[in-house]
Amino acid sequence: MLILGFNCNIHNSSAAIIKDGKLIAATEEERFNRIKHYGGFPKEAINYCLKEAKASINDVDEVVFYWQPFLGLHHRAIIILKNITTAKTYFSGRSAGQAVRGGSIVSWWKQYTMKRDFIKRYNFKNRFHYIPHHLCHAASTFLISGFDEAAILSIDFAGEWSSTLYGVGEETRIKVIKEIGYPHSLGNLYGTMTQFLGFKPNSDEYKVMGLASYGENKDNPYIEFFKKFVRWYGDGRFELDLKMFTHHRGEAKWYSESMEEILGPARKKDDEITTRHMLIAYAAQKRTEEIILEMARYLKTKTGKKYLCLAGGVALNCVANSRVLQSGIFEDIHIHPAAHDAGASVGGAFYLYNTIFNYPRNFILQDAYLGPSYSDIECKDAVSQSQYKWKEYNNIEEIVAKLIATGNIVGWFQGRMEWGPRALGNRSILADPRKAEMKEIINRKVKHREPFRPFAPTVLSEDMSEYFDGVHLSPFMLLVYKVKKPDIVPAITHVDGTGRVQTINKQDNPKYYKLIEEFKKLTGVPMVLNTSFNDAEEPIVNTPSDALSCFERTDIDYLVLHNILVSRSGILP
């Protein structure tokens with residue numbers, strides 16, 4: 001049985017395909033068309049999934065879309081009637097991102113007609129299903145977690161009408177315990193603060209998370225304000241103070257004048273980042289963490305389960321994830337590597353197969369290498385057409401380990417592309433974590449981004465506890481830990497003394513593992529600095545040509561395409 005899942009019409013369009021209950025491929029459309037967070041129809045992502053499954057569209061038995069257009073219509077109608085600005089927006093056809101989530105007439109119509117349009121586009125003969133958004137998120141994390149039973153928490157901006165789903169999973173079943181309705185949304189809170197601080201909402205939330213580490217709790221005047229902005233009730237509910245927000249009214253500016261009266265004027269995009277902005281980011285992050293911890297406690301009380309599964313865009317907040325894990329409320333947690341909307345394409349397919357059709361679960365997600373790969377011939381063709389000197393090696397891991405250890409920055413392109421927003425060693429830029437200056441160099445000369453942004457380590461799994469204060473492996477780079485030896489690895493140590501850790505083992509990625517193993521032999525340090533292989537405001541590279549293009553625009557010293565080493569200077573070992 002082949003099941004194709006996909007999502008589109010808001011952002012992070014993607015497709016995934018499962019065969020007899022096993023995930024074959026998953027990828028985002030942005031990697032093909034090079035438009036970051038692209039929300040249109042995922043034509044190329046679908047084509048790739050079909051190719052990987054060696055199938056045509058009419059070999060697919062079932063197609064799943066991640067949205068149920070009629071779900072929660074009455075909730076959206078109430079919001080519209082209460083807010084005349086939203087009503088104008090709703091009927092003017094402005095984008096869903098500026099109105100009620102998924103809520104402009106144009107956006108709703110696209111969701112409603114998706115079945116008809118898909119069938120027409122592909123002359124599709126088999127069945128098409130709408131699955132509710134948060135059930136797709138819930139399935140994406142629980143059904144492939146390896147847990148027989150677990151509590152489930154899905155948190156994002158909003159689905160059809162809800163922003164949060166509390167649930168429980170047992171074998172193939174997923175039961176909804178409670179939902180929180182939009183506009184009361186942690187995703188709304190974090191998106192609004194992202195915009196308030198001069199960044200792009202529904203895109204740059206990770207910048208706020210990074211900036212928050214520069215703030216502090218002591219004498220922070222905004223801590224108490226955020227407790228009023230977001231009120232928690234003991235029965236699992238929370239509410240935003242809607243006087244502070246305007247998104248639910250269809251405004252392009254998501255924060256109100258009342259918020260600016262309390263927090264001061266919002267930062268413009270190119271304004272200097274001041275201590276005030278750092279303190280606001282800190283307060284927003286801490287309140288988000290507090291509410292998520294309360295959600296976890298509520299779920300533990302309601303379900304009594306040992307384990308927790310997380311999904312939804314807010315589950316990409318690795319600092320909050322770590323607080324939940326370290327709190328001990330649950331013995332273990334699982335987070336889908338593409339926890340944002342892209343992951344719903346995977347979840348929809350598994351929800352249909354396991355929960356609706358009730359086939360037994362037979363797949364556990366071990367790694368996130370689910371995207372396209374390219375042949376040695378394709379890599380050679382790409383470099384042969386470039387201006388650079390290159391050479392092929394049969395010991396590329398040893399060569400690159402020496403280059404990194406001597407201060408070079410290396411673009412590392414191998415195997416299948418990663419699924420989700422984190423580079424996990426197949427489309428990565430690598431450097432020496434021991435050199436403190438690497439953070440400033442890569443931010444300024446390679447990534448062309450804000451100087452406060454941190455970099456992640458990839459560490460050999462067996463050596464993790466020597467360098468980080470944690471024992472839970474983090475293969476998808478969705479947890480942070482205190483760095484035990486910041487003086488040895490300053491380039492990956494954030495200002496608050498933490499690192500966003502990726503652990504790597506030999507069976508999941510032998511080539512990347514061997515590179516780090518070789519680096520350890522040379523330096524004694526079992527990790528490298530790892531950041532995504534892309535320039536600012538572009539998706540992670542997909543093809544060898546994408547990698548060469550990024551190499552040309554940045555100050556990366558060497559590029560590796562499989563076993564080929566490309567030199568900017570013309571000097572090769």
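Which residue in the hairpin of E20 and E21 takes a positive phi? His562 does, with a phi near 60°, in a hairpin that has two residues between the strands. The legends below describe close-up views of a predicted model, in which local features need pLDDT of at least 70, side-chain atom pairs count only at pLDDT 80 or more, and totals for chains, interfaces and linings use all residues. Residues are numbered from 1 along each chain as its sequence is written, and side-chain values use heavy atoms, with hydrogens and water left out.

**View 1. Strand E21 and its pairing partners.** Helices (H or I, at least four residues) and strands (E, at least two) are DSSP runs numbered from the N terminus, and two strands pair if DSSP finds at least two bridges between them. Strand E20 (residues 558-561) pairs with E21 in the antiparallel sense over four bridges. Val560 stands opposite Leu565, and Leu561 has Ile564 as its bridge partner in E21. Strand E13 (residues 389-392) also runs antiparallel to E21, joined to it by four bridges, with Lys389 opposite Ser567. Both faces of E21 (residues 564-567) are covered: Ile564 and Val566 on one side, and Leu565 and Ser567 on the other, are all buried (under 20% relative accessible area; exposed is over 50% and partly exposed in between, with a 1.4 Å probe and protein chains only).

**View 2. Strand E20 and Leu559.** In a regular strand the side chains alternate between the two faces of the sheet. From E20, Tyr558 and Val560 point one way and Leu559 and Leu561 the other, and all are buried. E20 also pairs with strand E14 (residues 410-413), in the parallel sense and over four bridges; here Leu559 is the bridge partner of Gly411. Leu559 counts as buried because its relative accessible area is 0%. Leaving aside neighbours within four places in sequence, Leu559 is in contact (heavy atoms within 4.5 Å) with residues including Phe533, Ala547, Leu548 and Phe551. The C-alpha atoms of Leu559 and Val400, 159 residues apart along the chain, are separated by 9.6 Å.

**View 3. Helix H2 and its surroundings.** In helix H2 (residues 43-52), the buried residues are Ala45, Ile46, Tyr48, Cys49 and Leu50. These buried residues pack against strands E1 (2-7), E2 (14-19) and E3 (22-28), and against helices H1 (30-33) and H6 (114-122). Just after H2, Lys54 takes a positive phi of about 55°.

**View 4. The largest nonpolar core.** A nonpolar core is a set of buried Ala, Val, Leu, Ile, Met, Phe, Trp, Tyr and Cys residues joined through side-chain atoms within 4.5 Å. The largest has 187 residues, of which Leu4, Phe6, Phe118, Leu186, Phe226 and Phe468 touch the most other members. Helix H12 (residues 275-303) gives the most to this core, with 14 residues.

**View 5. The largest cavity.** On a 1 Å grid over the protein atoms alone, a cavity is a set of points where a 1.4 Å probe fits but cannot get out, and lining residues have an atom within 4 Å of a point. The count comes to three cavities of 30 Å³ or more. The largest has a volume of about 60 Å³, a volume being the space filled by probe spheres set on the points. Among its lining residues are Gln366, Asp367, Tyr369, Phe476 and Asp508.

Definitions and conventions. On a 1 Å grid over the protein atoms alone, a cavity is a set of points where a 1.4 Å probe fits but cannot get out, and a pocket is an open set with protein on both sides within 12 Å along at least five of seven lines; lining residues have an atom within 4 Å of a point.
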